[in-house]
Amino acid sequence: MRRALTPFRLALAGVALLAAAAFLLWLVPSDSYIFLPDRAHPVDPLVRVQGGKKPKGGGIYFVDIFVRKASLIERLWPGLHEGAQIVPKSALLGPGVSEKQRETAALNEMTRSQTIAAAVALRAAGYRVRANPTGALVEQVASDAPAAGKLLPTDVIVSAAGRRVQSPADLRRAAA
């Protein structure tokens with residue numbers, strides 16, 4: 001009579017069970033976010049200044065950080081990805097801020113950053129660049145403030161109390 005539960009079959013079943021558990025832990029999202037750094041990229045191919053010369057040696061590099069919900073296995077073992085950092089939802093999303101609103105705010109921030117970077121590069125190249133303030137940037141909103149859920153980070157306030165707002169000082173005056 002053959003034995004149904006041989007050590008080999010038990011070991012095989014254990015390995016299959018571990019693989020299934022790891023697969024499920026990989027698929028199921030956690031309530032935390034993971035910051036994943038990409039490799040360094042040179043800025044040279046992205047910035048062009050008319051009459052500019054390509055630098056010799058060295059250069060300026062940037063690193064993308066990808067932000068997404070962490071899976072349960074990444075939450076349990078953040079070392080799966082080199083340089084990754086696990087961040088709790090409460091540290092990334094303010095009260096009343098959804099994931100979609102966070103993504104929109106990040107895109108707004110990137111657009112603003114690109115505009116500022118272009119102005120800085122042109123100034124460094126000797127061009128005269130004129131910057132005109134266009135409002136007060138919202139960086140964060142207190143959860144108990146009347147504006148909570150209405151104003152979001154990266155919103156720009158351009159008028160308040162019927163007055164044009166060009167700077168944070170203008171906003172403070174209008175609020176007073």
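Biologist: Which helix gives the most residues to the lining of the largest pocket?

Modeller: That is α4, with 15 residues. This is a predicted model, where local features need pLDDT of at least 70, side-chain atom pairs count only at pLDDT 80 or more, and totals for chains, interfaces and linings use all residues. Residues are numbered from 1 along each chain as its sequence is written, and side-chain values use heavy atoms, leaving out hydrogens and water.

Biologist: How are helices and strands defined here?

Modeller: They are DSSP runs numbered from the N terminus: helices are H or I of at least four residues, strands E of at least two. Besides α4 (99-124), β2 (61-71) and α3 (89-92) each supply at least two lining residues of that pocket.

Biologist: What is a salt bridge?

Modeller: A side-chain nitrogen of Lys or Arg lies within 4 Å of a carboxyl oxygen of Asp or Glu. The whole structure has 2 salt bridges. One joins Arg 68 to Glu 74, at 2.7 Å from N to O.

Biologist: Is Glu 74 buried or exposed?

Modeller: Buried means under 20% relative accessible area, exposed over 50%, and partly exposed in between (1.4 Å probe, protein chains only). Glu 74 is buried at 1%, while Arg 68 is partly exposed at 34%.

Biologist: Where do Arg 173 and Asp 170 lie?

Modeller: Both are in helix α5 (residues 168-175), 3 residues apart, about one turn of the helix. Arg 173 is exposed at 52% relative accessibility, whereas Asp 170 is buried at 17%.
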